[in-house]
Amino acid sequence: MPLPAAPIGTPPAPGSGPGVTLPGGAVLSPDQVINTADLFAHLVQSDFLSCGQQAQRDPALDAVAARVLRGFPLKNELGQARYPAKRWASFTLAKLGKARPVADALANQCGHRIGFSRYGVSVQDGRAALVYVQPAQIEASDPHEWMVRFMNITNEARRQGQRCGDQLFGTTGPLVWDQTLASSAQMHVNDMIRLNFRGHVNPETGSEPPQRAQQSGFTGTLVGENAAYNVLTPEEALQTLIDSPGHCRTLMNPDWTSFGAAMGNGTPSTTFTTYWVQDFGR
């Protein structure tokens, strides 16, 4: 749900006063002209920290901020970007200037920062926009039931046949639940969140899907894996995978007979807000 709109920033006054301390301890000269999105983002990050909030810049929200700065409604743009947001707000500056007054224009907005962990910025023609979001998270009262549903709709997609990029797959057989593959998938979800990475190779251990499945007790000879991010339901996760030709081909592989899956919510410091993994085996 949206918050009341944050006040539009007052045009900055001439630069004066002390420098602006950035995350990491660097100090930006008060007379530094803020004329790029990266410089503006440094000030935004510093402001979040001054409010006791840990927030991360998100390129998807940068694109949303660019549209907001052009006058498009924030709610509509989040929907167009398929961004999972629970709450959202924006802040605009009609005229940028030097670092100290821009920082001052951002200040005293802590009430509008509480609970937000993702933001995006845009700078165009001397103006700036900040959008910030509390991401929606997975809310499953029965996670195992959701994962079984994930398997069932995956089986329905396999039954229907799919076009995966330039490759056409006909109907293929159903998968059965395998708890060892589910444990392997959960291990990978937990590691992606803990180590803040994406993909199929654990950067800490070097493990790949077959090694994780074996470690979890799977005794089959073939293992494959899909991962999806920033989606909230099994149906959204499946659609994301079908829309990606490589993931779609993995999902439609007729060699698979077994299935396990897991999901998890990210943290304010992770790249993604939600994580989903499918493991396949034979």
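L43 touches V20, L22, L28, I34, A99, V102, A103 and L106, leaving out residues up to four places away in sequence; a contact here means heavy atoms within 4.5 Å. The model is a predicted one, in which local features need pLDDT of at least 70 and side-chain atom pairs count only at pLDDT 80 or more, while totals for chains, interfaces and linings use all residues. Residues are numbered from 1 along each chain as its sequence is written, and side-chain values use heavy atoms, with hydrogens and water left out.

L43 is one of the residues that touch the most other members of the largest nonpolar core, together with I34, F40, Y119 and L130; this core has 27 residues. A nonpolar core is a set of buried Ala, Val, Leu, Ile, Met, Phe, Trp, Tyr and Cys residues joined through side-chain atoms within 4.5 Å. Buried means under 20% relative accessible area, exposed means over 50%, and partly exposed lies in between, with a 1.4 Å probe and protein chains only. At least two residues of this core come from each of α1 (37–50), β4 (85–93), α4 (99–106), β5 (118–124) and β6 (127–135). Helices (H or I, at least four residues) and strands (E, at least two) are DSSP runs, numbered from the N terminus. The largest share, six residues, is supplied by α1. A second, separate core has 25 residues, including A157, A237, L241 and I242.

Helix α1 has 14 residues and spans 20 Å from its first C-alpha to its last, close to the 20 Å expected at 1.5 Å a residue; the expected span is 1.5 Å times one less than the number of residues. Buried residues in α1 include L39, F40, A41 and L43. Just after α1, G52 has a positive phi of about 75°.

S117 sits in the loop between α4 and β5. S117 counts as buried because its relative accessibility is 10%. Leaving aside neighbours within four places in sequence, S117 is in contact with Q54, A55, Q56, V133, P135 and P268.

Most residues other than glycine have a negative phi. D125, in the loop between β5 and β6, is not a glycine, yet has a positive phi of about 50°. D125 is exposed, since its relative accessible area is 76%. N196 is not a glycine either and has a positive phi of about 55°; N196 lies in the loop between α6 (179–195) and α7 (209–215). With a relative accessible area of 31%, N196 is partly exposed.
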